[in-house]
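Take a first walk through this model.

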Amino acid sequence: MDPTVPLQLSVDRSSPVPLYFQLSQQLEAAIERGALTPGTLLGNEIELAGRLGLSRPTVRQAIQTLVDKGLLVRRRGVGTQVVHSQIKRPLELSSLYDDLEAAGQRPTTRVLANTLVPAPAEAAAALGLAEGSEVLRVERLRMAHGEPMAYLCNHLPAGLLAPADDQLEATGLYRLMRAAGITLHSARQSVGARAATAGEAERLAEPPGAPLLTMQRTTFDDTGRPVEFGAHTYRASRYSFEFQLLVRP
């Protein structure tokens, strides 16, 4: 390990949990809590194996597990480097911009479209409009540390909001809606997963067929009016949704 990073790593040889998995869990936890920050270089496998009394293949397997999760990357001539922690998004009425900012990920946005269009059938149904009615279509690529995280496509009723591109680049859509006096009250949301198409893979810097998380959300204001329909795709290697389940009495 980088000697400037004071990590306490250990393995329990009496545990039924494989040694490589114990090590990968400890490294992942260090990344999640910020003890290993983005850009941190790990020491070579031989040094780490010797310090923990593990075989080099065991250490290599632990590191590969985190490479596969997108938390570490191997760079030729540099070594193994921390990329960033996976974003864990709670299932609540918040924007991706806010979640990334809260996770210290320095979100940025590339606006791909911001225009009035005839409402496609799915958006029209969600917003309670006739198909073909005029709606605002906003498409954005949300990034963190310069790396794409999600593609966001939102439809809003025409006349509700007219954000400029620079506003959409500077902050989240929900913040702009609240600033315009729209009170967001509740949402209906569905989460799924599928393989990336060639176009989606290129847009999100993933290989074709890579797993993507999908989310569709219809948001309502405090009068019960639908004010936004979103259809988003997220990189499964960088992103997860968190659920809190309550036991019914």
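**A helix and its surroundings**

In helix α3, the buried residues are Thr58, Val59, Ala62, Ile63 and Leu66. Keep in mind that this is a predicted model. Seen down the axis of α3, these buried residues fall within an arc of 130°, so they line one face of the helix. The general rule behind such a pattern is simple. An α-helix has 3.6 residues a turn, so residues three or four places apart point the same way.

What do the buried residues of α3 pack against? Two of the partners are helices: α1 (19–32) and α2 (45–52). Two are strands: β1 (72–75) and β2 (79–82).

Now look at the length of α3. The helix runs over residues 56–68, which makes 13 residues. At 1.5 Å a residue, α3 should span 18 Å. Its end C-alpha atoms are 18 Å apart, so the model agrees with that expectation. Just after α3 comes Gly70, with a positive phi of about 85°.

**The hairpin**

Next, turn to the two strands. β1 and β2 pair in the antiparallel sense, over four bridges. Within this pairing, Leu72 stands opposite Val82 in β2. The two strands form a hairpin, with three residues between them. Gly77 sits in the turn and has a positive phi of about 80°.

The C-alpha atoms of Thr37 and Val82 are separated by 6.7 Å, although the two residues are 45 residues apart along the chain. Where is Thr37 found? Thr37 belongs to the loop between α1 and α2. Is Thr37 buried, partly exposed or exposed? Its relative accessible area is 39%, so Thr37 is partly exposed; buried would mean under 20%, and exposed over 50%.

**Rings**

Last, the aromatic side chains. The structure holds one aromatic pair. The rings of Tyr20 and Phe21 make this pair, with their centres 6.3 Å apart. Their planes stand at 70°, so the pair is edge-to-face; the cut-off for that label is over 60 degrees. Tyr20 has a relative accessible area of 24% and is therefore partly exposed. Phe21, at 33% relative accessibility, also counts as partly exposed.

One more ring has a charged neighbour. Arg203 lies over the face of Tyr151, at 4.0 Å from the ring centre.

Terms used
Residues numbered from 1 in each chain as written. Heavy atoms only, no water. Expected span 1.5 Å × (residues − 1). Buried < 20%, exposed > 50% of the residue type's maximum accessible area, 1.4 Å probe, protein only. Arc of directions from axis to C-beta. Contact = heavy atoms within 4.5 Å. Phe/Tyr/Trp six-rings, centres within 6.5 Å; stacked < 30°, edge-to-face > 60°. Lys NZ or Arg CZ within 6 Å of the ring centre and 35° of its normal. Pairing = 2+ DSSP bridges.
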